[in-house]
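Subject: Handover of a structure and its analysis

Dear colleague,

Please find the structure below, together with its sequence. The notes that follow set out what was found in it.

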Amino acid sequence: MISQPSRHCTVELQALPSRIGQVRRIVSAQLRYWHLDPLIDQAALGVTELLTNVHRHAQPDKICTVEIELLLDRLTVSVHDHDPRLPAVRDADPLATNGRGLALIAAVSESWGVRPHGDSGKTVWFTLPASPTVAALPPLPAYKAKTAAAKAGGPCLHKRPAAARADGRSGHPRTPARSPVAG
């Protein structure tokens with residue numbers, strides 16, 4: 001028996017460097033909304049690596065879908081692209097500036113893998129453990145959501161109307177400003 005509903009968010013994008021930063025912010029905001037702050041750094045790092053791989057390697061296009069799902073005590077982050085070629089972990093030269101993405105994902109995640117989808121592409125995913133106390137889910141918003149993501153367990157923050165903000169303020173949730181100067 002499932003005692004808590006799952007939470008799900010999907011973002012479709014073209015994996016360009018400028019969009020990768022936007023998706024990092026969306027994933028971070030969504031995890032804050034789900035009260036999963038301890039997982040933000042690992043999830044943002046992992047999604048950045050997966051989107052960078054799509055940007056560098058995917059053919060015939062750079063269109064992909066990022067999904068994050070919280071189910072009980074497990075957060076799964078996945079990226080689906082249209083390239084049927086499967087990625088492989090490789091040994092990078094110690095002085096190389098790239099080639100460590102999947103090894104990095106393996107190091108920071110609980111598990112990871114690839115699901116081939118024949119000629120229509122593949123999904124690369126990784127999981128992070130979410131303790132039940134950290135993953136206490138906020139109540140669903142009071143308005144009627146019509147998107148598939150909302151029906152699956154709540155809206156994505158980037159699509160949520162301003163009036164439905166969990167903290168009662170209007171406008172888009174923002175990451176707190178940080179100063180590059182210590183102190």
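Buried residues, meaning those under 20% relative accessible area, make up 38% of the 183 residues in the chain. Above that limit, a residue is called exposed if it is over 50% and partly exposed in between, with a 1.4 Å probe and protein chains only.

Please note that this is a predicted model, in which local features need pLDDT of at least 70 and side-chain atom pairs count only at pLDDT 80 or more, while totals for chains, interfaces and linings use all residues. Residues are numbered from 1 along each chain as its sequence is written, and side-chain values use heavy atoms, with hydrogens and water left out.

Overall architecture

The chain contains four helices and five strands. Both are DSSP runs numbered from the N terminus: helices are H or I with at least four residues, strands E with at least two. Read from the N terminus, the order of the elements is β-α-α-β-β-α-β-β-α. Of the contacts (heavy atoms within 4.5 Å) with a separation of 6 or more, 63% are accounted for by residues 24 or more positions apart.

The nonpolar core

A nonpolar core is here a set of buried Ala, Val, Leu, Ile, Met, Phe, Trp, Tyr and Cys residues joined through side-chain atoms within 4.5 Å. The largest one has 33 residues, and those with the most contacts inside it are W34, L51 and L75. Two or more residues each are given to this core by β1 (7–14), α1 (17–33), α2 (40–57), β2 (63–71), β3, α3 and β5 (122–129).

Which residues of α3 are buried? They are G101, L102 and I105. Seen down the axis of α3, these buried residues fall within an arc of 95 degrees, so they line one face of the helix; the arc is that of the directions from the helix axis to the C-beta atoms. The elements against which they pack are α2, β4 and β5.

P87 is located in the loop between β3 and α3 and is partly exposed, at 28% relative accessible area. Residues up to four places away in sequence not counted, P87 touches L102, V114, K122 and V124. P87 and H57 are 30 residues apart in sequence, with a C-alpha to C-alpha distance of 9.2 Å.

Salt bridges

Side chains of opposite charge can pair when their charged atoms come close. A salt bridge is taken as a side-chain nitrogen of Lys or Arg within 4 Å of a carboxyl oxygen of Asp or Glu. The search of the whole structure finds four of them.

D73, R74 and E110 are linked in a network of salt bridges. R74 meets D73 at 3.9 Å, N to O, and the closest N and O atoms of R74 and E110 are 2.9 Å apart. R74 lies in strand β3 (residues 74–81) and E110 in the loop between α3 (101–108) and β4 (111–116), so this pair ties together parts that are 36 residues apart in sequence.

Another salt bridge joins R85 and D83, the closest N and O atoms being 2.6 Å apart. Here R85 is partly exposed, at 49% relative accessible area, whereas D83 is buried, at 4%.

H8 belongs to strand β1 and is buried, at 15% relative accessibility. Its side chain makes a polar contact with the side chain of E67 at 2.7 Å. Such a contact is a pair of N or O atoms within 3.5 Å; within protein, one must be able to donate a hydrogen and the other to accept it, and residues adjacent in sequence count only if both atoms are side-chain atoms.

E69 is in strand β2 and is partly exposed, at 30% relative accessible area. The C-alpha atoms of E69 and H8 are separated by 4.3 Å, although the two residues are 61 residues apart along the chain. Leaving aside neighbours within four places in sequence, E69 is in contact with S6, R7, H8, R74, L75 and T76.

Yours sincerely
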